[in-house]
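Please read it beside the structure.

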Amino acid sequence: MKAKLKTKIRIQKAICWNAMQQEKDYLLREVQRLSFVLSQLILKAIGKKSNGLDQDFESIEQTLRTEFDFDLTELAKMDKMQFNTLMSSLNESHLEKLAELIYHVVENSNQLLRHELLEKGLLILEFLEENSQLFSIKRMQLKNKLNDLF
């Protein structure tokens, strides 16, 4: 009887572990998918240097709204509390890519909220510096580029 009970407990543990592993894999795939989306938006912004980004800005905004439930215009207008809540909810790699996207959008367009976006990009990078366990030269270079656009 005890052997059957031990076997049953082992099977239940294995099933539970398998379910947790599948959930973990799903979350990892979702983080990777959203990182890819942000990378594609960055490429779109970089690719528009010669033509200007103003025409494709709405496409970038729509993709951000669909995938992240906010866009750059909303981000630029967020108060400090909303902004901090948003930053706390995003993955570190997503924050880095978002700051890079902000840089390329501001560099290649004439958006009315240019100053506010630059400020938010710098705040994202400062947040990452304070909360990340890793030092990033790329992040530091991006911060310098954003400061140069001010």
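Glu-58 is partly exposed in this predicted model. Its relative accessible area is 46%, which falls between the 20% cut-off for buried and the 50% cut-off for exposed. Glu-58 sits in helix H2, residues 57-68. Its side chain makes a polar contact of 3.1 Å with the side chain of Arg-65. Leu-72 lies 14 residues from Glu-58 in sequence, and their C-alpha atoms are 9.8 Å apart.

His-94 is buried, because its relative accessibility of 5% is under the 20% cut-off. This residue belongs to helix H5, residues 92-108. Setting aside neighbours within four places in sequence, His-94 contacts Val-31, Leu-34, Ser-35, Leu-38 and Phe-68.

The two residues side by side:

Now the helix pair. Two packed helices are described by the angle between their axes and the distance between the axes. For H2 and H5, the angle is about 165 degrees and the axes are 12 Å apart. H2 is therefore roughly antiparallel to H5, since the angle is over 145 degrees. The crossing of H2 past H5 is left-handed.

Which residues meet where H2 packs on H5? From H2 come Phe-57, Ile-60, Leu-64 and Phe-68. From H5 come His-94, Leu-101 and Val-105. By class, this contact has 6 nonpolar residues, 1 polar residue and no charged residues.

Conventions. Residues numbered from 1 in each chain as written. Predicted model: local features only at pLDDT ≥ 70, side-chain atom pairs only at ≥ 80, totals over all residues. Heavy atoms only, no water. Helix = DSSP H or I, 4+ residues; strand = E, 2+ residues; numbered from the N terminus. Buried < 20%, exposed > 50% of the residue type's maximum accessible area, 1.4 Å probe, protein only. Polar contact = N/O pair within 3.5 Å; in protein donor to acceptor, adjacent residues only side chain to side chain. Contact = heavy atoms within 4.5 Å. Axes fitted to C-alpha atoms, helices over the stretch in contact; angles between N-to-C directions. Parallel < 35°, antiparallel > 145°, perpendicular 65-115°, else oblique. Left-handed = near helix turned anticlockwise from the far one by under 90°. Nonpolar A, V, L, I, M, F, W, Y, C, P; charged D, E, K, R; others polar.
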